[in-house]
Amino acid sequence: MNETDGTLGRVRTNGTSYTDLFHGSVHEVTVSGAWVYFATADALYRMCLDQKTNAEQINSNYTRWLNTDVTYLYYTNLEDHTEAGVGYGNSLYRMELDGSVNERIFQDDVEGICIQGDVLYYMNPDRIMSLLSLS
């Protein structure tokens, strides 16, 4: 991911085999199975890693703090931030991986999303780590 020149790329961990995946200002990215999910300033996209299809828009929100488990994408919508300021979303959402179901899980200022097993960790504006059980 490179916000400066507007590309999303893939490279092996040893630094070889760089491939451009998407040209545009990408600021969030996560991978689940054969799909890469990424956000731009005005939409959330998915693209099959085999690169045989173009990126598909699955949501039109300004997505921030994107992560996934095997069933859902979890994200905040930057358009609904509160006084906590830019960088925080004021609600945590989850969406099916194909974009078909989108729902707000709870309303709280959220920064950073990390999923480990069936627990989602996030920080609030006071930098206090919180957790949410996903089961």
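# A tour of the strands and cysteines

Start by selecting β9 and β10, which form a hairpin with five residues between them; in its turn, G99 has a positive phi of about 85°. Strands here are DSSP runs of E with at least two residues, numbered from the N terminus. The model is a predicted one, in which local features need pLDDT of at least 70, side-chain atom pairs count only at pLDDT 80 or more, and totals for chains, interfaces and linings use all residues. Residues are numbered from 1 along each chain as its sequence is written, and side-chain values use heavy atoms, with hydrogens and water left out.

**The hairpin and its neighbour**

Color β10, residues 102-106: four bridges join this strand to β9, and the two run antiparallel. Strands count as paired if DSSP finds at least two bridges between them. Next select β8 (residues 72-77), which is joined to β9 (residues 92-96) by five bridges, again antiparallel.

Which residue in β10 is the bridge partner of Y93? It is R104.

**The open sheet**

Move to the four strands that form an open sheet in the order β3-β4-β5-β6, with antiparallel pairing. At its edges are β3 (28-32) and β6 (56-59), each of which pairs on one side only. From one strand to the next the twist averages 25°, taken between N-to-C directions of lines fitted to C-alpha atoms, on a scale from 0 to 180 degrees.

Select β5, residues 44-48, together with β6: three bridges join these antiparallel strands. Within that pairing, Y45 has Q57 in β6 as its bridge partner.

Now pick T30, found in strand β3. Is T30 buried or exposed? T30 counts as buried, at 11% relative accessibility. Buried means under 20% relative accessible area, exposed over 50%, and partly exposed in between, with a 1.4 Å probe and protein chains only. Display the residues that T30 touches, leaving out those up to four places away in sequence: W35, V36, Y37, L66, N67, T68 and L73. A contact here means heavy atoms within 4.5 Å.

**The cysteines**

Last, select C48 and C114. C48 is buried, with a relative accessible area of 15%, while C114 is partly exposed at 41%. How many disulfides are there? The count comes to zero, where a disulfide is a pair of cysteine sulfur atoms within 2.5 Å.
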